[in-house]
Amino acid sequence: MRLGIIGLPQSGKTTIFNALTGGKRPATSSRGRFEIHTAVVDVPDDRLEALSNHFKPEKTIHAKVTYGDIAGLDVGSSTDLPGSLINQLAQMDGFLHVVRCFEDEGFPHTMGSVDPQRDMDAMDAELLLNDLIAVERKRERLIDERRKGGGRDKAEIEREKALFDTLHQQLSSEIPLRDMDFSADDLKILSGYGLLTLKPVLIVLNLGEEQSAPDVEFRHRKGAVVDIKGKLEMEIAQLPPDEASIFLQEYGISEPSLKRVIRLSYELLGLLTFFTIGSDEVRAWALPRGSTAHQAAGEVHTDLQKGFIRAEVITWEDLISLGSLGEARSKGRLRLEGKDYQVKDGEVIQVRFHI
Ligand SMILES: Nc1nc2c(ncn2[C@@H]2O[C@H](COP(=O)(O)OP(=O)(O)O)[C@@H](O)[C@H]2O)c(=O)[nH]1
Ligand SMILES: [Mg+2]
């Protein structure tokens, strides 16, 4: 799962990337220049910690999210976004949109004043415009295709045309595509187009040290807003753990602030977590909500999916209170489920398979 960190130049993208990843990239802004840096982050999970404390495996492996710090996205320029940038954005599963709230005279805002609502709306509009252009191009291609004939089934072309007409209508009324409800078939058609406003977004208000969150209006149905003291959190993320906890106390920061952003972005992507317990390893896995036991097996290993017979399922709490998979099995507390079983968040899964 890949999340792109976007925002205006100097909004604090690199700073927040460093805070999330414990990284040390210099917080310089490469204005106007497209650049991307990525890092993989463990998703914090108290349930995994509990399982690990209980089973004491050699290895405890977290579910992962990849963050990309994407520089070079600006608003209000008269030209289209560069293709290489759009390509990168299109490959993301969702966005963290960083909005500058901090005041810093050393780094004046490029628009002369700090105004979170203005910046947030401007970036939203930029992404929307980009989708509108893409949708218009697609409609023209469909009209061409219909005129020439001979290729695809006519009804199929008409169906796509109708879909893209609806998108066009929505975008023209400034509604991001993520706020629409699509059928699974429509989503399948759209999945190849990398439309940016279809992707989930988490607005991250980047606050100064002494600041509390300003009142901004997030005008859309789907998405969420969080605030974070970016620079302070980055500095803490780079301290050795014992110094970090002293620092946190001094500033009265509840530790989970970073954790909260990571977990929220995970939820935003519509993921659930399931666990596997091996002889030497306790592991958390990410899976889109609604996935089946068969898909969960495939996430762990293709052999498990190919040779899938049954899944043994139990909640993480029940497993801990019963003590072990063996105990749970002998007490008849491991549920046997088939291929199409929908996995639920927090379940421990053991796949029975043949090779
Ligand atoms: N005072 C203050 N400065 C910040 C904060 N976040 C970022 N900055 C500063 O703003 C400048 C731009 O930040 P950077 O992360 O490079 O922004 P980017 O261009 O969006 O990647 C840097 O000098 C940062 O140190 C913050 O929360 N408070
Ligand atoms: Mg940067």
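**Figure 1. Overall composition of the predicted model.** The secondary structure of the protein comprises 13 helices and 12 strands; helices (H or I, at least four residues) and strands (E, at least two) are DSSP runs, numbered from the N terminus. This is a predicted model, in which local features need pLDDT of at least 70 and side-chain atom pairs count only at pLDDT 80 or more, whereas totals for chains, interfaces and linings use all residues. Residues are numbered from 1 along each chain as its sequence is written, chains are lettered from A and ligands numbered from 1 in the order in which they are written, and side-chain values use heavy atoms, with hydrogens and water left out. Along the principal axes, the C-alpha atoms of the protein fill a box of roughly 70 × 65 × 30 Å. The protein has 355 residues, of which 45% count as buried; buried means under 20% relative accessible area, exposed over 50%, and partly exposed in between (1.4 Å probe, protein chains only). The accessible surface of the protein is about 17900 Å², and carbon and sulfur atoms contribute 48% of this area. Accessible areas come from the Shrake-Rupley method with a 1.4 Å probe, and for residues only the protein chains shown count as cover. Among contacts in the protein with a separation of 6 or more, 66% are between residues 24 or more positions apart; contact means heavy atoms within 4.5 Å.

**Figure 2. The six-stranded open sheet.** The strands follow the order β3-β9-β8-β12-β10-β11, and their pairing is mixed. Two strands pair if DSSP finds at least two bridges between them. At the edges are β3 (59-61) and β11 (335-337), each of which pairs on one side only. From one strand to the next, the twist averages 30°. Axes are lines fitted to C-alpha atoms, for helices over the stretch in contact, and angles run from 0 to 180 degrees between N-to-C directions.

**Figure 3. Strand pairing within the sheet, and helix α10.** Strands β8 (residues 271-277) and β9 (residues 281-288) run antiparallel and are joined by seven bridges. In this pair, Leu-272 stands opposite Leu-287 of β9. Helix α10 (residues 293-300) packs on the sheet, where α10 touches β8, β9, β10 (308-315) and β12 (347-353). The direction of α10 makes about 125° with that of β9. By contrast with the antiparallel pairing of β8 and β9, β8 and β12 run parallel and share two bridges. Phe-275 has Val-348 in β12 as its bridge partner. Seven bridges also link β10 to β12, in the antiparallel sense, and Phe-308 is the bridge partner of Phe-353 in β12.

**Figure 4. The surroundings of ligand 1.** The shell around ligand 1 contains 18 residues, and the closest are Gln-10, Lys-13, Thr-14, Thr-15 and Phe-107; a residue is near a molecule or strand if one of its heavy atoms lies within 4 Å of it. Oxygen atoms of ligand 1 take part in polar contacts, which are pairs of N or O atoms within 3.5 Å; within protein, one must be able to donate a hydrogen and the other to accept it, and residues adjacent in sequence count only if both atoms are side-chain atoms. A polar side-chain atom of Thr-14 lies 2.8 Å from an oxygen atom of ligand 1. For Gly-12, a backbone N or O atom is 3.0 Å from an oxygen atom of the ligand, and for Lys-231 a polar backbone atom is 3.4 Å from an oxygen atom of the ligand. Taken alone, ligand 1 exposes 580 Å², of which the protein buries 91%. Helices α1 (13-21) and α7 (230-237) each supply at least two residues of the shell, and α1 gives the largest share, three residues.

**Figure 5. Helix α1 and the residue that follows.** Eight of the nine residues of α1 are buried, so this helix is largely enclosed by the rest of the structure. The buried residues are Lys-13, Thr-14, Thr-15, Ile-16, Phe-17, Asn-18, Ala-19 and Leu-20. After α1 comes Gly-22, which has a positive phi, near 65°.

**Figure 6. Leu-239 in the loop between α7 and α8.** Leu-239 occupies the loop between α7 and α8 (241-251). The residue is partly exposed, with a relative accessible area of 26%. Apart from its neighbours within four places in sequence, Leu-239 is in contact with Ala-244 and Phe-247. Although 217 residues separate Leu-239 from Gly-22 along the chain, their C-alpha atoms are 9.0 Å apart.

**Figure 7. Glu-126 in helix α4.** Glu-126 lies in α4 (residues 116-148) and is buried, with a relative accessible area of 10%. Beyond its neighbours within four places in sequence, Glu-126 is in contact with Asp-74, Val-75, Gly-76 and Leu-81.
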